[in-house]
Number of protein chains: 2
Amino acid sequence: MPWRDDTGPPWWHGKFRGCGYRLTVSRQAILDVLSKITEHPSAEEIYLEVHKVYPAIGLTTVYRTLELLVQAGLIFKFDFGDGRARYELSEGPKSIGHHHHLVCIGCGRIIDYTDFIDEEIELLRKTKKGLSKKYNFKITNHLIQFHGLCGKCQ
Amino acid sequence: MPWRDDTGPPWWHGKFRGCGYRLTVSRQAILDVLSKITEHPSAEEIYLEVHKVYPAIGLTTVYRTLELLVQAGLIFKFDFGDGRARYELSEGPKSIGHHHHLVCIGCGRIIDYTDFIDEEIELLRKTKKGLSKKYNFKITNHLIQFHGLCGKCQ
DNA sequence: ATCTTATTGACAATGATTTCCATCTTCATT
DNA sequence: AATGAAGATGGAAATCATTGTCAATAAGAT
């Protein structure tokens, strides 16, 4: 289990209990994998990774858990146009921090960038505020992506 | 056909011939439907709409044509998280102009907004320039969406 | 009018995600 | 520590958007 070699339960422990969810082996294993992966794994990739350490896991459970984690705000779900959803931890000790994505339409490579993030966040904050008021919309999330060709694909 | 009651061929005629594509009945019908719809239709919705005026159309052709139009830059393809791609004319006489989307995660409603678009575009331009240089990335497109709950769903 | 070749449509195939349901865990309560 | 109710699980089957196949058709250059 994730915190066997640590001083206490992992940071998401409280999140779970707080939302009324049960802290199961599958969920811990999935979150554990997500917190160690730096890419943008699909459900199946997460399944395969979890399967290495917890072979009893089922793909269905992975899908269900990911859905749950998205609802709980612990992870983000992205569509990079390759026909499968991809996931990423939204925050946490090992998080690389808020970032957006550059998507290569040639090879599918994803580049996380944090450049200009401050200006982007600032503008998003303003826009979010204005839109919320004008359209009576409760904004919970935003998405910014740039699509194009990476160096290798040009 | 689209231009039967008009003075000349529709604006996309040249685009097609210029790219070496053939201007077929199916393609005209699909573009015609797209230029009249103000929502964000899925491939099947487009198929059903075209089918009313041109019953011989096949769903496969709709998918192929949409793919083609995306490549040609005539339409944009979006994923609003409901499991099917949605399409929208990128420009043209009846276009509402450049806009971004507000996606309700409750009922799936999409709101097109143009507020703050100028600031957004300006920031995107700067960001795009910086990212292109830093990552040697040729950016062809961007995506901005806000997700949340609309008035009815709160 | 003819010919070359892109395009089409019906059907089958694919593949990610969901549904079903009987069984197993979690954890609040004893 | 034992119990029990509700939540969670996993394997197989089902769903459903999208893509591949291929013989037949139509666009448009000649």
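A residue counts as exposed when its relative accessible area is over 50% and as buried when that area is under 20%; values in between are partly exposed. The structure described here is a predicted model. Lys134(A) has a relative accessibility of 52% and therefore counts as exposed.

Lys134(A) sits in helix H5 (residues 117–135) of chain A, while Asp115(B) belongs to the loop between E4 and H5 of chain B, so the pair joins two chains. Asp115(B) is buried, because its relative accessible area is 17%. A salt bridge also links the side chains of Asp115(A) and Lys134(B), at 2.6 Å from N to O. Between chain B and chain A the count is 2 salt bridges.

Strands E3 (100–104), E4 (110–113) and E5 (138–149) and helix H5 (117–135) of chain B each give two or more residues to the side that touches chain A. E5(B) gives the most, with 12 residues. By class, this side of chain B holds 18 nonpolar, 11 polar and 8 charged residues.

In terms of contacts, 37 residues of chain B meet 37 residues of chain A. The two chains bury about 3300 Å² between them, and 69% of this lies on carbon and sulfur atoms. In chain B, the most area is lost to chain A by Phe137(B), Leu143(B) and Phe146(B), which together account for 19% of what that side buries.

Over all chains, the whole structure contains 12 salt bridges. Some lie within a chain. In chain A, Asp82(A) bridges to Arg86(A), with the closest N and O atoms 3.0 Å apart. Asp82(A) is partly exposed at 37% relative accessibility. Arg86(A) is buried, at 13%. In chain B, Arg86(B) and Asp82(B) form a salt bridge, their closest N and O atoms being 2.9 Å apart. Arg86(B) is buried, with a relative accessible area of 11%. Asp82(B) is partly exposed at 37%. Shared partners join Glu45(A), Asp82(A) and Arg86(A) into one salt-bridge network.

Helix H2 of chain B (residues 25–36) was also examined. Its 12 residues should span 16 Å at 1.5 Å a residue, and the end C-alpha atoms lie 17 Å apart, which agrees. H2(B) is mostly covered, with 9 of its 12 residues buried. Among them are Ala29(B), Ile30(B), Leu31(B) and Val33(B). The buried residues of H2(B) pack against helices H1 (12–19), H3 (43–53) and H4 (59–72) and strands E1 (75–79) and E2 (85–89) of chain B.

How values were computed
Residues numbered from 1 in each chain as written. Chains lettered and ligands numbered in written order. Predicted model: local features only at pLDDT ≥ 70, side-chain atom pairs only at ≥ 80, totals over all residues. Heavy atoms only, no water. Helix = DSSP H or I, 4+ residues; strand = E, 2+ residues; numbered from the N terminus. Expected span 1.5 Å × (residues − 1). Buried < 20%, exposed > 50% of the residue type's maximum accessible area, 1.4 Å probe, protein only. Contact = heavy atoms within 4.5 Å. Buried area = accessible area lost by both parts, 1.4 Å probe. Salt bridge = Lys/Arg side-chain N within 4 Å of Asp/Glu carboxyl O. Nonpolar A, V, L, I, M, F, W, Y, C, P; charged D, E, K, R; others polar.
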